[in-house]
Amino acid sequence: MSSIRMIPLNLDDCDITYYPNFIDLNKADGYFKHFRSTIPWQQDDIKIFGKVHPQPRLTALYGTGKKTYSYSNIIMQPNLFTGELLEIKDSIEAIAQVEFNACLLNLYRDGQDSNGWHSDDEKELGQNPIIGSISLGQERPFHLRHKKNKALRHKILLEHGSLLLMKGQTQHHWQHQVPKTSKRIGERINLTFRLLK
Ligand SMILES: O=C(O)CCC(=O)C(=O)O
Ligand SMILES: [Fe+2]
């Protein structure tokens with residue numbers, strides 16, 4: 001049996017743990033190909049500060065039921081979880097000790113696709129949201145910044161097959177982003193498992 005390596009990020013006011021190689025490489029390669037070709041990826045328009053823009057990445061929502069998820073003025077209707085998503089969900093639940101009922105998927109097609117500074121603090125997620133975030137494909141830096149104490153910042157590289165688990169007060173005190181880069185890079189898929197109340 002292989003043991004799962006865990007790296008706690010020792011930052012104030014948050015509870016974040018990084019698990020590199022959470023999914024073994026062959027399996028992660030297979031999942032990447034599978035999700036790339038079977039998920040109905042869509043590009044939604046979002047409204048930020050009153051202006052409408054196409055979202056700089058493709059997304060999809062999956063879940064156990066009919067609960068919708070809204071953010072940046074869009075309301076997403078879930079597709080039913082697939083076998084592959086349930087398999088990954090089970091493996092995260094085994095260490096996270098929660099049951100997720102939704103997964104927001106992101107496809108970053110190249111370095112121009114990104115996810116701007118935000119907290120996952122939508123009301124559907126409740127008080128202290130727990131989010132299990134799987135990375136597949138191209139590794140991308142993940143930036144964190146404290147909302148009040150501007151001196152508190154952190155960067156971590158999200159590698160192929162990794163899990164980043166965010167819980168406790170993390171979303172209350174911190175924001176995160178996946179910045180754009182002008183480097184020529186490949187595609188990345190991110191799966192964020194969530195519990196919608
Ligand atoms: O792509 C990532 O690693 C982060 C995704 C994210 O922050 C989100 O979907 O809320
Ligand atoms: Fe997020």
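In this predicted model, H154 is found in strand β13, which covers residues 153-158. With 16 C-beta neighbours inside 10 Å, H154 counts as partly exposed, because a residue is called buried when 20 or more other C-beta atoms lie within 10 Å and exposed when 12 or fewer do. Once its neighbours within four places in sequence are left aside, H154 is in contact with L9, L11 and L144. H154 and F142 are 12 residues apart in sequence, and their C-alpha atoms are 8.4 Å apart in space.

**Surroundings of ligand 1**

F142 also belongs to the residues that surround ligand 1, which are L104, N106, N115, D120, S133, F142, L158, H176, V178, N190 and T192. By class, this shell divides into 4 nonpolar, 6 polar and 1 charged residue. Three strands, β9 (102-108), β15 (174-178) and β16 (188-194), each supply at least two residues of the shell around ligand 1.

**The nonpolar core**

What is the number of residues in the largest nonpolar core, and which of them touch the most other members? The core holds 38 residues, of which F35, C103, L105, L136, L164, I189 and L191 touch the most other members. Strand β9 gives the largest share of this core, 6 residues. In soluble globular proteins, nonpolar side chains tend to be buried together. One of the core residues named above, L164, is in contact with I16, Y18, S133, F142 and L158, leaving aside neighbours within four places in sequence; among these partners, S133, F142 and L158 are also residues that surround ligand 1.

S162 has its place in strand β14, which covers residues 162-167. Is S162 buried or exposed? S162 is buried, because 22 other C-beta atoms lie within 10 Å. Not counting residues up to four places away in sequence, S162 touches Y18, Y19, P20, N21, F22 and S135. The residue I7 lies 155 residues from S162 in sequence, with 11 Å between the two C-alpha atoms.

**Loop residues**

W41 lies in the loop between α1 (25-38) and β3 (45-48), and it counts as partly exposed, with 17 C-beta neighbours inside 10 Å. Apart from its neighbours within four places in sequence, W41 is in contact with L58, A60 and L107.

F100 is found in the loop between α2 and β9, and F100 is buried, with 23 other C-beta atoms within 10 Å. Its contacts, leaving aside neighbours within four places in sequence, are K89, E93, G132, F193, R194 and L195.

| Pair | Separation in sequence | C-alpha to C-alpha distance |
|---|---|---|
| H154 and F142 | 12 residues | 8.4 Å |
| W41 and L107 | 66 residues | 7.6 Å |
| F100 and T192 | 92 residues | 9.9 Å |
| S162 and I7 | 155 residues | 11 Å |

**Backbone angles**

Most residues other than glycine have a negative phi, and most peptide bonds are trans. N21, which is not a glycine, has a positive phi of about 50 degrees. The place of N21 is in the loop between β2 (15-19) and α1, where N21 is partly exposed, with 15 other C-beta atoms within 10 Å. Q97 likewise is not a glycine and has a positive phi of about 60 degrees. Q97 lies in the loop between α2 (83-96) and β9, and with 8 C-beta neighbours inside 10 Å, Q97 counts as exposed.

**The annotated region and the whole chain**

An unreviewed UniProt entry places the feature "domain: Fe2OG dioxygenase" at residues 99-197. Over residues 99-197 the chain is 4% helix and 49% strand, and the end C-alpha atoms of this stretch are 11 Å apart.

The secondary structure of the protein as a whole comes to 3 helices and 16 strands. The radius of gyration of the protein is 16 Å, close to the 16 Å that the globule rule gives for 197 residues, so the protein is as compact as a globular protein of that length. Along its principal axes, the C-alpha trace spans about 50 × 40 × 35 Å. Buried residues make up 31% of the 197 residues. Of the contacts in the protein with a separation of 6 or more, 74% are between residues 24 or more positions apart.

How values were computed: Residues numbered from 1 in each chain as written. Chains lettered and ligands numbered in written order. Predicted model: local features only at pLDDT ≥ 70, side-chain atom pairs only at ≥ 80, totals over all residues. Near = placed C-beta within 6 Å. Nonpolar A, V, L, I, M, F, W, Y, C, P; charged D, E, K, R; others polar. Contact = placed C-beta atoms within 7 Å. Core = buried A, V, L, I, M, F, W, Y, C linked by C-beta atoms within 7 Å. UniProt positions renumbered as here; feature names shortened; annotations may be inferred. Rg over C-alpha atoms; globule rule 2.2 N^0.38 Å.
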